[in-house]
Amino acid sequence: MKQKTKTDEEGMRHIISILMENEAGALSRVAGLFSARGYNIESLTVAPTEDITLSRMTVVTWGSDEIIEQITKQLNKLVDVVKLVDLTEGPHIEREMLMIKVRTSSNDSREELTRLVDIFRGRIIDVTATSYTIELTGTGDKLDAFINAFEKTPILETVRSGVSGISRGAKNLHI
């Protein structure tokens, strides 16, 4: 399973982090903004912050500098948006979680699978007579590499959380 790549014409990948009012319909308005303008959302995560009146949304999208500028201007016009930052404009940390269920058939395949999980610093979180469920956290590239490492072992199911990101150092997204 090879992840598709974008061409230079489609621009660069951007991680936009949005601090917004924690109210019904806010997510729908953001998704609608992207949809109405024909922009694609590659990944979307949202959850309340330490302030229960605010949520933090992380949107991963692709585009030229002009398109990303247009997206951020349109997002800033939404009533629910308190503040936003394009994390890819500076040093940042990003993580994604993967849960993957794979078929296991023999002790040899289980030992090999356990070694692979250890190499990638994952955790086996469920074991049955016929499968392992593995949890792994890291960058998208790390998760892709882990999935691509399954040559002989059948993948039964894959779930990815989408990207969460935060600025490095003193820079913060807060009111």
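Reader: Where is R121?

Author: R121 sits in the loop between α3 and β6 (123-127). Helices (H or I, at least four residues) and strands (E, at least two) are DSSP runs, numbered from the N terminus. Keep in mind that this is a predicted model, where local features need pLDDT of at least 70 and side-chain atom pairs count only at pLDDT 80 or more, while totals for chains, interfaces and linings use all residues. Residues are numbered from 1 along each chain as its sequence is written, and side-chain values use heavy atoms, with hydrogens and water left out.

Reader: OK, and what's the phi of R121?

Author: Positive, about 60°, although R121 is not a glycine.

Reader: Is R121 buried or exposed?

Author: R121 is exposed, with a relative accessible area of 73%. Buried means under 20% relative accessible area, exposed over 50%, and partly exposed in between (1.4 Å probe, protein chains only).

Reader: Switching to H14: which element is that in, and what does it touch?

Author: H14 lies in strand β1. It is buried, with a relative accessible area of 5%. Leaving aside residues up to four places away in sequence, H14 touches V59, V60, T61, G63, D65, I68, D86 and T88. Contact here means heavy atoms within 4.5 Å.

Reader: How far is H14 from V59?

Author: Their C-alpha atoms are separated by 8.1 Å, and the two residues are 45 apart along the chain.

Reader: Now the helices. Which residues of α2 are buried?

Author: I68, I71, T72, Q74 and L75. Seen down the axis of α2, these buried residues fall within an arc of 165°, so they line one face of the helix. The arc is that of the directions from the helix axis to the C-beta atoms.

Reader: What's on the face turned away from the buried side of α2?

Author: That face of α2 carries the exposed residues D65, E66 and K77.

Reader: And what covers the buried residues of α2?

Author: The cover includes β1 (12-21), α1 (26-36), β3 (54-63) and β4 (81-86).

Reader: How do α1 and α2 cross?

Author: Their axes come within 11 Å and cross at roughly 145°. Axes are lines fitted to C-alpha atoms, for helices over the stretch in contact, and angles run from 0 to 180 degrees between N-to-C directions.

Reader: Which residues meet there?

Author: V30, L33 and F34 in α1 meet I71, Q74 and L75 in α2. The residues of this contact divide into five nonpolar, one polar and no charged. For those classes, Ala, Val, Leu, Ile, Met, Phe, Trp, Tyr, Cys and Pro count as nonpolar, Asp, Glu, Lys and Arg as charged, and the others, Gly among them, as polar.

Reader: What about α4, which residues are buried there?

Author: In α4 (residues 140-148) they are G140, L143, D144, F146 and I147. They cover an arc of only 160° around the axis, which puts them on the same side of α4. The buried residues of α4 pack against β5 (92-103), α3 (107-119), β7 (131-138) and β8 (155-160).
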